[in-house]
Amino acid sequence: MRKKIIAGNWKMNVKPSETATLVKEVVEATKSFTNVEVVCCTPAIDIPAAVAAAAGTHVGIGAENAHWEEKGAFTGEISTGMLVDAGAKYVIIGHSERRQYFGETDETVNKRARAVISAGLTAIVCVGETLEEREAGKLVEVIERQMNVGLKDVTPADCERLVIAYEPVWAIGTGKTATPDQAQEVHALIRATLAKLVGADVAETVRIQYGGSMKPGNAAELLAKKDIDGGLIGGAALKAADFAGIVAAGN
Ligand code: PGA
């Protein structure tokens with residue numbers, strides 16, 4: 001049985017001074033849902049406050065990106081060692097906003113994901129097609145490429161620290177959600193593609209989250225699907241009650 005994992009992706013939305021309050025609200029609102037792994041991925045500058053607020057609780061803290069080099073002349077970047085030192089446990093890698101606005105490629109996703117896993121952190125690797133790609137019949141091709149290149153040289157043992165997030169780009173922040181059947185179809189494709197890389201038995205153990213306008217009102221039907229093992233939550237992660245509603249649906 002794969003334990004469901006619900007992770008908030010705060011994006012560029014919460015200030016350091018606001019962080020402890022939101023984390024404590026999330027802790028309080030989700031503490032009875034013990035069947036779910038609960039994570040808040042925050043802006044890097046919020047991580048120390050988030051880690052302090054979550055200390056000793058069931059909530060894990062993550063980052064939204066990390067560089068692949070350990071240290072050096074990479075102005076503006078953050079290393080996995082810094083995140084470990086600050087107490088983060090998870091890192092989102094290859095979010096579509098990074099791909100769209102900051103030049104992230106499948107190759108850099110691969111470097112970042114391997115660095116994150118090597119550092120003992122859990123990588124939440126995002127994949128997903130744009131509307132144009134879906135409408136052009138390129139869904140399978142795009143997902144397979146993002147998986148095969150993005151997870152190149154990730155070993156079966158590494159998969160203990162790997163989560164994949166399927167986020168159709170057309171569903172992110174748009175209010176449009178993939179139907180449960182549409183999402184399940186792609187989740188099954190992701191698991192089958194992963195099976196070719198690391199073996200079917202290991203692929204069965206890896207959690208695949210859905211992301212894209214997930215809310216308390218649609219989470220249960222998505223999370224009921226066989227290969228949907230959690231959610232990566234943007235907008236609804238900024239209100240503890242909404243986030244907890246999604247966690248409850250996964251419990
Ligand atoms: P959304 O964002 O829930 O606001 O659609 C999801 C994400 O981008 O991770």
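On a 1 Å grid over the protein atoms alone, a pocket is an open set of points where a 1.4 Å probe fits, with protein on both sides within 12 Å along at least five of seven lines, and a molecule sits in a pocket if more than half of its atoms lie within 2 Å of its grid points. In this predicted model, local features need pLDDT of at least 70, side-chain atom pairs count only at pLDDT 80 or more, and totals for chains, interfaces and linings use all residues. Residues are numbered from 1 along each chain as its sequence is written, and side-chain values use heavy atoms, with hydrogens and water left out.

The ligand is found in the second largest pocket. Of the 13 residues around the ligand (a heavy atom within 4 Å), those that come nearest are K11, H95, E167, G173 and S213. This shell divides into two charged residues, four nonpolar and seven polar, with Gly counted among the polar ones and Asp, Glu, Lys and Arg as charged.

The side chain of E167 places an N or O atom 2.7 Å from a ligand oxygen, and the corresponding distance for the side chain of N9 is 3.4 Å. At G235, a polar backbone atom is 2.9 Å from an oxygen atom of the ligand. Of the 290 Å² that the ligand exposes when taken alone, the protein buries 95% (Shrake-Rupley method, 1.4 Å probe).

Turning to aromatic rings, two pairs are counted (centres within 6.5 Å). Y101 and F102 form an edge-to-face pair, 6.3 Å centre to centre with 85 degrees between the planes, where edge-to-face requires over 60 degrees. Y101 counts as exposed because its relative accessibility is 55%, exposed being over 50% (1.4 Å probe, protein chains only). F102 is likewise exposed, at 54%.

Key. Polar contact = N/O pair within 3.5 Å; in protein donor to acceptor, adjacent residues only side chain to side chain. 1 Å grid on protein atoms, 1.4 Å probe; cavity = no way out; pocket = protein on both sides within 12 Å on 5 of 7 lines; lining within 4 Å. Phe/Tyr/Trp six-rings, centres within 6.5 Å; stacked < 30°, edge-to-face > 60°. Buried < 20%, exposed > 50% of the residue type's maximum accessible area, 1.4 Å probe, protein only.
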